[in-house]
Amino acid sequence: MAATHHPPSSPADLQTPNTPAPANAAAQRKPTILHLGDDIRWNHDLYARLSQKFTIVRTHSLPRAAFKRGLQDRTWGDFVAMYRPFWNTGGEMGNWDDELIALLPASCKLFASAGAGYDWVDTRLLGTRGITYCNAASACSESVADAALFLILATYRLFGWSARAAHSCSPEQFSDAMRNIGAQTHNPNGTVLGIVGLGRIGARIATKARALEMDVWYHDVERWDERAAGVGARWCASLEELLCGSDCVVLAAPFSGRVLLGAAEFAWFKRGARLVNVARGALVDEDALLCALDEGRLAAVGMDVHATEPVVNRELAGRRNVMMLSHTAGASVESHVGFERMGMENLLGWLERGEEGLLSPVNLQWLNRDGK
């Protein structure tokens, strides 16, 4: 969707009367942003620039009840934007639903946050309140794509079984894996990798999979002809077409509020296919996933994400053809540096050029711009 230019009138217009009076006239013209969670760790020069343009107030890390009280009491003034630089801090207040969003001041127009997924925040409700939500998916694309490649290889070669046998320090388990894995595993070259979602992460997965000499197919709600051509991916018009033709399916799509793979969809998979999920656990019905494994519809599964995190499905975890990670696909120093930077770049770009200055808005289709 094309961005529409709606710049703030001026920093002075963004500053509201309930914000504590600054010491000088220059500071008085600076709008206020609310920094959620921990201190900046890497991009100190950029944070200094942010501090020159905005008055920054801090919550540090608060439990939900305390955060709600702070919003109700206007502890942090009438801030114009929120900044959350890390996905594992500043989120202690829980899901961003109506209970929290209703308490935000009318002055708040932007939420710039770390991470790729945003199933924890009601972006549509934010939009109807006139608040743009920006994520930082591109900052972790490389890390998530690397993890996806690892899980793809693990499902073809059952590396999880081999690793658990070695870590057990049991000669019996070691010998069992050494004797039996070779008769059940395959090389990925020459097989079809089906990617659901050809965004930045999906495109990087496609590029890396080509190095394994895999044929790449994709399905998305939008057709990306130029991007697909660049990574050598073939378009599938329907999810059914993709699932029926793929030897391994990777989920790299955002959670849209509904299960993507249930019993009906698993029936479309090739017998003996593989599934890798680096998107969101709620995209997969885990009971249906267990049935697909039991029936041999799926030969192996790689999961970075889980339906009831941080609780993991014990029955899936106990299977030697299931490789699990702890939602760490995007967890790297490089990702965190990028999360910090991208949030600040969204804030600075928005202040200078309005919507046109935003790098990664995700809810413009619902954004209420008339102030009502």
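Author: What follows takes the chain as a whole, and then two annotated spans. This is a predicted model, in which local features need pLDDT of at least 70, side-chain atom pairs count only at pLDDT 80 or more, and totals for chains, interfaces and linings use all residues. Residues are numbered from 1 along each chain as its sequence is written, and side-chain values use heavy atoms, with hydrogens and water left out.

Reader: What makes the radius of gyration of the chain agree with a compact globule?

Author: The radius is taken over C-alpha atoms, and the globule rule is 2.2 Å times the number of residues to the power 0.38. For 372 residues the rule gives a value near 21 Å and the chain has 23 Å, so the two agree.

Reader: Why is a residue called buried?

Author: A residue is called buried because its relative accessible area is under 20% (1.4 Å probe, protein chains only). Of the 372 residues, 51% count as buried.

Reader: What share of the contacts in the chain with a separation of 6 or more comes from residues 24 or more positions apart?

Author: Such residues account for 67% of them; contact means heavy atoms within 4.5 Å.

Reader: How many helices and strands does the chain have?

Author: The chain has 16 helices and 12 strands, counted as DSSP runs (helices H or I, at least four residues; strands E, at least two).

Reader: Where does UniProt place the NAD-binding domain feature?

Author: The unreviewed entry puts "domain: D-isomer specific 2-hydroxyacid dehydrogenase NAD-binding" at residues 179–329; such annotations may be inferred rather than shown by experiment. That span is 30% helix and 21% strand. The entry's "domain: D-isomer specific 2-hydroxyacid dehydrogenase catalytic" is at residues 96–353, a span with 43% helix and 15% strand.

Key:
Buried < 20%, exposed > 50% of the residue type's maximum accessible area, 1.4 Å probe, protein only.
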